[in-house]
Amino acid sequence: MIEIKNLSKAFEKNFALKKLNFQVGDGSVFALVGSNGSGKSTLLRTISGVYQPTAGDVLIDGKPIFENPQLKDQVYFVADVPFFYNGTTLDNASNLLSKIYSGWSEETYLRLCSIFPIDRRGKLINMSKGMQRQASLILALSAKPKYLLLDEIFDGLDPVIRRLVKQLIINDVSDRGMSVIIASHNMRELEDICDHIAFLHRGNLVVEDDVDEIKTQVHKFHAAFDRDFDQNEIIGGLEILNIKRSGNLISFTAKGNKEDIEKIIKAQEPIFMESLPLTLEEIFMCEMEVAGYDIENIK
């Protein structure tokens, strides 16, 4: 288990992370999403032990990760920008990592090299961004980590390879109980693979919950009336994330039990009412607005 306890990280006087608290359970696929500069990459680097916390703790299996080589043997971090030395090939990178990670599987490495369309002996620095990501993932999965941290892993991958990557991750979670944290801007890719999600904004944790729970607790409604009405009477007592009105039609997104929200709206005798399902991306947009992200004025 990964435990984040009152975690803060500052660079000089600027805090990138502010008193974060959450857990990532064993065998979980945890999504990390947020606005640009929200602290996602900083958080992954801190969890992996690259950065030392300014305050608070990152505990993996109950122990601090920073400057702990034994724990780092169980953690593999794939950065958002792959880095390889000029002459590095997939084969000589695997040779190095096989000496670093005690769980390294040469069998897995050779199998993955046969699955992905990549030249094991070609210089990685000369390959495209997508091919470098494929190489990074091959190395990561071959290391057989208990905890896999992925930063924008789907960026630059074509649809076929993205589907393959998700299947390989799911297989390792299912077969070995591996825990995965994926930071990404692409919530459509995360929606069908992650079971838990956290929204970050300006270093703060806005929302953190089970994906299915989030979806069942946020709802979009349209309601129309045959009379003029006081907007506050219609939505009174509801936890509103956003709202728009056009004449006698009102549209809003609210948190809470769907049936309870319907009862409140029906009590106002609308001539029409409907509830629409929301994607993770739409829920994220609503939560960001509440957190102060001025979405309407972004050009």
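This is a predicted model: local features need pLDDT of at least 70, side-chain atom pairs count only at pLDDT 80 or more; totals for chains, interfaces and linings use all residues.
Local features were considered at pLDDT of at least 70 and side-chain atom pairs at pLDDT 80 or more, while totals for chains, interfaces and linings use all residues. Residues are numbered from 1 along each chain as its sequence is written, and side-chain values use heavy atoms, with hydrogens and water left out.

The chain is assigned domain 1 (2-202) and domain 2 (214-297); the bounds come from an automatic or database domain assignment. The C-alpha centres of domain 1 and domain 2 are 37 Å apart. Eleven residues of domain 1 and twelve residues of domain 2 take part in the contact, defined by heavy atoms within 4.5 Å. About 1100 Å² is buried between domain 1 and domain 2. This is the accessible area (1.4 Å probe) that two parts lose on being put together, summed over both. Carbon and sulfur atoms give 72% of the buried area.

Two salt bridges were counted between domain 1 and domain 2, a salt bridge being a side-chain nitrogen of Lys or Arg within 4 Å of a carboxyl oxygen of Asp or Glu. Glu-281 pairs with Arg-188 in a salt bridge, with the closest N and O atoms 3.1 Å apart. On the side of domain 1 that touches domain 2, β3 (29-34), α7 (187-191) and β9 (196-201) each supply at least two residues. Helices (H or I, at least four residues) and strands (E, at least two) are DSSP runs, numbered from the N terminus. The largest share of this side, four residues, comes from β9.

By the salt-bridge rule, the count comes to 13. Glu-191 and Lys-215 form a salt bridge, their closest N and O atoms being 2.7 Å apart. Glu-191 lies in helix α7 and Lys-215 in helix α8 (residues 211-217), so the pair ties together parts that are 24 residues apart in sequence. Glu-191 is partly exposed at 22% relative accessibility, and Lys-215 is partly exposed at 29%. Here buried means under 20% relative accessible area, exposed over 50%, and partly exposed in between (1.4 Å probe, protein chains only).

Arg-176 and Asp-172 meet in a salt bridge at 3.2 Å, N to O. Both belong to helix α6 (residues 159-176), where they are four residues apart, about one helical turn. Arg-176 is partly exposed at 32%, whereas Asp-172 is buried at 10%. Glu-3 forms a salt bridge with Lys-5, with the closest N and O atoms 3.9 Å apart. Glu-3 is buried at 16%; Lys-5 is partly exposed at 37%. A network of salt bridges links Arg-162, Lys-166, Glu-189 and Asp-192.
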